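This report concerns selected side-chain interactions and their surroundings. The structure is shown below.

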Amino acid sequence: MSNMKIVQDFINTASEPYCDDCLSVVLNIKPRQQVNQICNNLKKEGAIKRKVSQCCHCSKDKLINF
């Protein structure tokens, strides 16, 4: 399964929003910039949404994915 599919499936089934850094850790996708690129592409496709809010995993105000 591609990293893009892994990220999309995780975000679509997660009940809470995650930032790129936490997605990288939880999904073990390195480097973190790859997660950022994937999430930007998924947003462009309309598959996910992104906004600045609190991440459920690290509790920091960051760009989160939902």
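In this predicted model, the side chain of serine 24 comes within 2.6 Å of the backbone oxygen of isoleucine 29. Serine 24 belongs to helix α2, which spans residues 20-27. With a relative accessible area of 4%, serine 24 is buried, because buried denotes a value under 20%. Leaving aside residues up to four places away in sequence, serine 24 touches Ile29, Lys30, Pro31, Arg32 and Val35.

The structure also contains five salt bridges. Among them are the following.

| Residue pair | N to O distance |
|---|---|
| Lysine 5 and aspartate 9 | 3.0 Å |
| Aspartate 20 and arginine 32 | 4.0 Å |
| Lysine 62 and aspartate 21 | 2.4 Å |

Lysine 5 and aspartate 9 both lie in helix α1 (residues 3-13); they are four residues apart, so about one helical turn separates them. Lysine 5 is partly exposed at 39% relative accessible area, and aspartate 9 is partly exposed at 29%.

The salt bridge between aspartate 20 and arginine 32 links distant parts of the chain, with aspartate 20 in helix α2 and arginine 32, twelve residues away, in helix α3 (residues 32-45). Aspartate 20 is buried, its relative accessible area being 5%, whereas arginine 32 is partly exposed at 29%.

Lysine 62 and aspartate 21 form a further salt bridge. Lysine 62 is in strand β3 (residues 61-65) and aspartate 21 in helix α2, so this pair ties together parts 41 residues apart in sequence. Lysine 62 is partly exposed at 23%, as is aspartate 21 at 30%.

Finally, a network of salt bridges links Asp20, Asp21, Arg32, Arg50 and Lys62.

Technical notes:
Residues numbered from 1 in each chain as written. Predicted model: local features only at pLDDT ≥ 70, side-chain atom pairs only at ≥ 80, totals over all residues. Heavy atoms only, no water. Helix = DSSP H or I, 4+ residues; strand = E, 2+ residues; numbered from the N terminus. Buried < 20%, exposed > 50% of the residue type's maximum accessible area, 1.4 Å probe, protein only. Polar contact = N/O pair within 3.5 Å; in protein donor to acceptor, adjacent residues only side chain to side chain. Contact = heavy atoms within 4.5 Å. Salt bridge = Lys/Arg side-chain N within 4 Å of Asp/Glu carboxyl O.
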